[in-house]
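Please consult the sequence and the structure shown here alongside the text.

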Amino acid sequence: MIESMKAMVMSAGVGSRLDPLTREIPKPLIPVANKPVMDILFENLVKIGVKDVICNTYYLADKIIERYKNNDLGINFNYIKEEELSGTAGGVKKCQHFFDENSSFLVLSADGLTNADLKKAIEIHKNSNALATIGIKQIPQEEVCHFGVVVTDEDGFITEFQEKPSFEEAKSNYINTGIYVFDYKIFDYIPENTFYDFAKNVFPKLLEERAINTFEVSEYWSDIGTLDQYKQSTQDLFENKCIFEHAPGKTCENGSYISASEINETVRFVGNSTVGKNCVIGKNCIIENSIIWDNVEIADSLRISDSIIGSGSIVKCDLSSKIIGSNEIIEAETCKI
């Protein structure tokens with residue numbers, strides 16, 4: 001257990017790349033197997049003894065605060081509400097009052113779904129005398145153009161960052177996961193009341209001082225910041241690549257599913273799907289590789305494939321590769337768009 005370690009979860013982002021799903025739900029509350037990704041993150045923190053957490057909130061802040069202010073996850077939840085976005089480092093600076101001087105603390109992204117060994121990360125940081133330690137993940141070379149690439153020396157200290165380099169220009173296939181361990185001294189590098197970013201403003205100065213160490217995330221990690229990554233993370237769960245506590249899955253002839261609702265025996269599942277609570281799926285429906293949130297109604301004899309349906313929506317026609325936001329009514333005419 002990590003004694004007295006505190007953590008911050010960066011929770012202010014709008015999540016525009018997940019539109020229309022984030023029009024009514026902030027990105028930290030996006031569900032994976034019917035569990036908000038921030039729930040999963042908090043559960044991981046509690047497992048290593050980190051219970052004191054602060055979040056910077058901005059977009060749909062009240063929904064995050066309402067969910068966690070009286071939680072049963074074992075987290076002492078604290079928060080600030082930002083009136084305007086202040087950057088990754090600026091948001092951490094606003095939480096400086098929460099942390100103890102002469103101590104280290106964790107900073108995590110609210111959209112990171114991971115089984116990373118956070119305890120190992122903290123131990124590596126404390127043994128390195130670095131100001132910052134960053135979790136890095138090795139990915140296929142052809143995917144580096146989508147991420148911030150990290151170049152290290154033989155001791156694991158960072159020598160260079162490359163922001164979404166081309167395949168040819170990339171000097172490494174290790175990427176920044178957004179998992180950080182910082183010393184309290186990091187606040188000396190972030191001015192108050194200024195929009196400030198770690199990648200653009202803080203890390204270049206630390207590079208000059210050889211002050212950024214790394215730890216490798218060999219376990220599962222995914223950023224659910226895009227619709228494709230969100231879909232893939234759900235599939236990864238069924239393939240046991242991502243592990244966290246959730247309702248048990250059910251296997252049928254052509255697939256498997258996780259459901260918090262009663263499913264009519266005439267409904268067929270193909271591939272891997274999740275169904276939220278209080279859903280009504282009509283008779284003789286086929287659900288294929290889809291994510292269905294809470295309180296969704298689907299009419300009889302429809303086929304829903306490779307789609308995501310937000311909470312409270314009513315679907316009256318077949319869907320294929322569609323993303324439906326919350327509280328929408330989807331008629332046959334709408335499906336043709």
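The model is predicted: local features need pLDDT of at least 70 and side-chain atom pairs pLDDT 80 or more, while totals for chains, interfaces and linings use all residues. Residues are numbered from 1 along each chain as its sequence is written, and side-chain values use heavy atoms, with hydrogens and water left out.

**Aromatic rings**

- The whole structure holds 18 aromatic pairs, a pair being rings of Phe, Tyr or Trp (its six-membered ring) with centres within 6.5 Å.
- The centres of Tyr-180 and Phe-198 are 5.7 Å apart and their planes stand at 50°, so this pair is tilted; planes under 30 degrees apart would count as stacked and over 60 as edge-to-face.
- This pair links distant parts of the chain, 18 residues apart, with Tyr-180 in strand S11 (residues 174-183) and Phe-198 in helix H5 (residues 198-208); helices (H or I, at least four residues) and strands (E, at least two) are DSSP runs numbered from the N terminus.
- Tyr-180 is buried at 8% relative accessibility, and Phe-198 is buried at 1%, where buried means under 20% relative accessible area with a 1.4 Å probe, protein chains only.
- Tyr-180 and Phe-198 belong to a cluster linked by ring pairs, whose members include Phe-98, Phe-161 and Phe-203.

**Charges over rings**

- Lys-6 lies over the face of Phe-98, 4.7 Å from the ring centre; the criterion is NZ of Lys or CZ of Arg within 6 Å of the centre and within 35 degrees of the ring normal.
- Arg-210 lies over the face of Phe-157, at 4.3 Å from the ring centre.

**Second largest pocket**

- The second largest pocket has a volume of about 550 Å³.
- Among its 20 lining residues, Leu-29, Pro-36, Arg-67, Lys-277 and Asp-294 lie nearest the centre.
- Strand S3 (35-36) and helix H2 (61-68) give two or more residues to this lining, and H2 provides the largest share, four residues.
- The lining of the second largest pocket has six nonpolar, five polar and nine charged residues, with Asp, Glu, Lys and Arg counted as charged, Ala, Val, Leu, Ile, Met, Phe, Trp, Tyr, Cys and Pro as nonpolar, and the others as polar.

How values were computed. Buried < 20%, exposed > 50% of the residue type's maximum accessible area, 1.4 Å probe, protein only. 1 Å grid on protein atoms, 1.4 Å probe; cavity = no way out; pocket = protein on both sides within 12 Å on 5 of 7 lines; lining within 4 Å. Points joined across faces, edges and corners; volume = space filled by probe spheres on them.
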